[in-house]
Structures are given as structure tokens and as C-alpha cells.
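Please consult the sequence and the coordinates alongside the text.

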Amino acid sequence: MTRQELINQIKEKQSFLCVGLDTDIDKIPQCIIDEAKQHDGDDYLFRALCEFNALIIDATAPYCVAYKPNLAFYEAYGVDGLMAFEATIDYLKEEYPNHFIIADAKRGDIGNTSKMYAKTFFEQYDVDALTVAPYMGEDSVTPFLGYEDKWVILLALTSNKGSHDFQLIEDTQGERLFEKVLKTSQQWGDKDNMMYVVGATQGKMFEDIRKVAPEHFLLVPGVGAQGGSLQEVCQYGMTKDCGLLVNSSRGIIYASKGEDFAEAAAEASKKLQQEMAIELNKAGIIR
């Protein structure tokens with residue numbers, strides 16, 4: 001998906017919501033587990049993961065522009081989990097081809113290894129974007145940038161407590177490590193193929209991000225269950241093209257553990273979409 005196609009979807013949907021598919025078999029509703037066991041007995045895992053994801057996707061698709069399955073929640077279940085990840089990607093591409101698909105895998109290794117990771121996600125799975133850790137530098141990132149209309153989403157300033165251990169370390173000129181990542185990485189890619197992960201809990205720090213990366217899209221986790229403020233993110237991080245994909249995972253997909261889980265997910269995503277429409281209108285992006 002190109003940058004302009006993504007912007008068009010944001011305007012059309014009046015939303016910059018990304019739904020995180022962090023599907024945990026221990027958290028999905030019991031009704032899904034019971035139904036899967038009726039069909040497949042002890043081999044219920046694949047069916048349960050796929051069915052839950054499909055119902056969540058169907059419920060939330062009208063209110064979001066992107067989905068972000070987190071690989072850890074699929075790799076944890078071995079072959080069944082990886083098959084469910086692939087089936088979920090296939091379902092999205094077949095049923096909702098205009099939605100942006102992010103594989104949240106946080107890959108990043110020496111060049112030859114990164115080349116194979118890129119082949120996996122951009123050729124085998126054919127997703128739109130992949131999260132990448134930049135710590136090993138240019139040759140660990142550039143193999144992902146050789147694919148047309150595909151995106152690298154670099155970790156920059158994350159929302160977890162431990163982010164301060166390294167990301168805010170200053171050099172002798174007072175430049176912080178996350179700022180070094182932003183500046184240096186713009187020599188490898190540009191606003192048309194590179195985004196950055198910036199946690200919603202960073203608040204006013206979005207001003208500092210925008211000084212260094214004024215036009216790049218930011219993938220923003222941490223709104224909702226992690227306590228990040230959508231309004232604060234928009235106040236300091238929104239651009240004339242929106243420039244934001246705000247992710248919510250647990251707050252949407254686990255909005256209910258009962259049989260009404262899909263309806264609850266739809267309602268939670270609709271509420272966020274309505275708040276986003278207000279912010280887009282305030283910024284003059286939609287009317």
C-alpha cells in the first residue's frame with residue numbers, strides 16, 4: 001500500500017485506528033473454545049484462533065484502517081499458531097483488501113538474516129509493513145526497504161517502562177538515542193516507506209519526535225489499556241496528512257469475554273473512531 005492510499009483510507013474511514021490482534025488462547029471467550037473443541041477435539045487451537053480473529057475483524061473493519069497481528073502470540077503455539085497467523089493474513093487480504101496489514105515481529109539481524117526475514121514477510125506473507133529493531137544499524141534494516149509499496153516500521157521511542165534504560169541516553173552533544181535513530185535512519189528510507197513506533201504514553205515527547213521526523217507516519221501503541229491519551233497524541237503528533245496509526249489491542253479485542261465479544265469489540269473500536277474523527281476534523285484533514 002502506498003502512502004497516498006493509506007491517507008485516502010484514513011480520510012474515507014475518518015479513522016487512523018489500528019486494531020492489534022494479540023490473540024491469546026487463555027483470554028479469548030470460552031464460547032469460541034467450546035465450539036472449536038466440538039469440531040476438532042484436542043486439536044482445537046488452530047480453529048479457535050482463526051475463528052476469534054475473523055469475528056473480531058468482521059466486527060471492527062468498518063472503524064479501522066489497519067490490523068497488527070503480533071507474531072509472539074502466534075509463534076507461542078507452534079505450527080498451529082503460525083498457520084493461524086497465515087490464515088488471518090489471507091482472510092484480511094481476501095475480505096478486506098483495503099486495510100493496511102502490519103506484522104508486529106520486531107525483526108532485525110545481520111544483513112543476510114534480515115534479507116530472509118524480509119522475504120518471509122513481504123513475499124511469503126505479503127503484508128504491508130513489518131516492525132524492525134534498528135539497534136544493529138543500516139545493514140540490518142536496508143534489506144527490508146527493497147520492496148515496492150512495503151513499509152519498515154522502526155522502533156524509536158516505545159511505551160514500556162524499560163524504554164528509558166537506553167532510548168533516552170544522551171551523547172556528549174545532548175542528542176538522545178531515539179533522536180539518533182530517527183535522524184540516521186532517514187538516510188536509509190523516507191516518508192514513503194518508513195514509519196516509526198512511538199508509544200502513546202510519551203505524551204509531549206511527540207513534539208521532539210516531530211522536530212526530527214515531521215512527515216513520517218508514526219505507529220502509536222499504548223492508547224487504552226496502557227493509559228495513553230489519544231487527544232495528547234494528536235495535539236503533539238498529528239500532521240497535515242494525519243501521520244498517525246494509533247493501535248489498540250486489549251481494549252478492543254478483549255472488551256468482553258462473553259458471547260457478545262464481537263459486539264463489544266465493535267463498540268470499542270467505534271468509540272475510538274468517533275474520537276479520531278473529531279481530531280481529524282479539528283486538524284482540517286476532513287470536513
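The model is predicted.

**Barrel**

Eight strands form a closed barrel, in the order β1-β2-β3-β4-β5-β6-β7-β8, and their pairing is parallel. From one strand to the next, the twist averages 30°. Helix α3, residues 45-60, packs on the sheet, where it touches β1 (17-21) and β2 (66-69). The direction of α3 makes about 170° with that of β1. As a general point, strands of a sheet pair through backbone hydrogen bonds, either parallel or antiparallel. Between β5 and strand β6 (residues 194-198) the pairing is parallel and comprises five bridges. Leu154 has Tyr196 of β6 standing opposite.

**Helix α12**

Does the span of helix α12 agree or disagree with 1.5 Å a residue? The helix covers residues 261-282, which is 22 residues, so a span of 32 Å should result; the end C-alpha atoms are 32 Å apart, and the two values therefore agree. Following α12 comes Gly284, which has a positive phi, near 80°.

**Second largest pocket**

The volume of the second largest pocket is about 390 Å³. Its lining comprises 18 residues, and those closest to the centre are Pro134, Tyr135, Gln167, Leu177 and Val181. Two elements, β5 (151-157) and α8 (177-185), each give two or more residues to this lining. The largest share, six residues, is contributed by α8. The table sets out the lining of this pocket by residue class.

| Class in the lining | Number |
|---|---|
| Nonpolar | eleven residues |
| Polar | six residues |

Technical notes
Residues numbered from 1 in each chain as written. Predicted model: local features only at pLDDT ≥ 70, side-chain atom pairs only at ≥ 80, totals over all residues. Heavy atoms only, no water. Helix = DSSP H or I, 4+ residues; strand = E, 2+ residues; numbered from the N terminus. Expected span 1.5 Å × (residues − 1). 1 Å grid on protein atoms, 1.4 Å probe; cavity = no way out; pocket = protein on both sides within 12 Å on 5 of 7 lines; lining within 4 Å. Points joined across faces, edges and corners; volume = space filled by probe spheres on them. Nonpolar A, V, L, I, M, F, W, Y, C, P; charged D, E, K, R; others polar. Pairing = 2+ DSSP bridges. Axes fitted to C-alpha atoms, helices over the stretch in contact; angles between N-to-C directions. Contact = heavy atoms within 4.5 Å.
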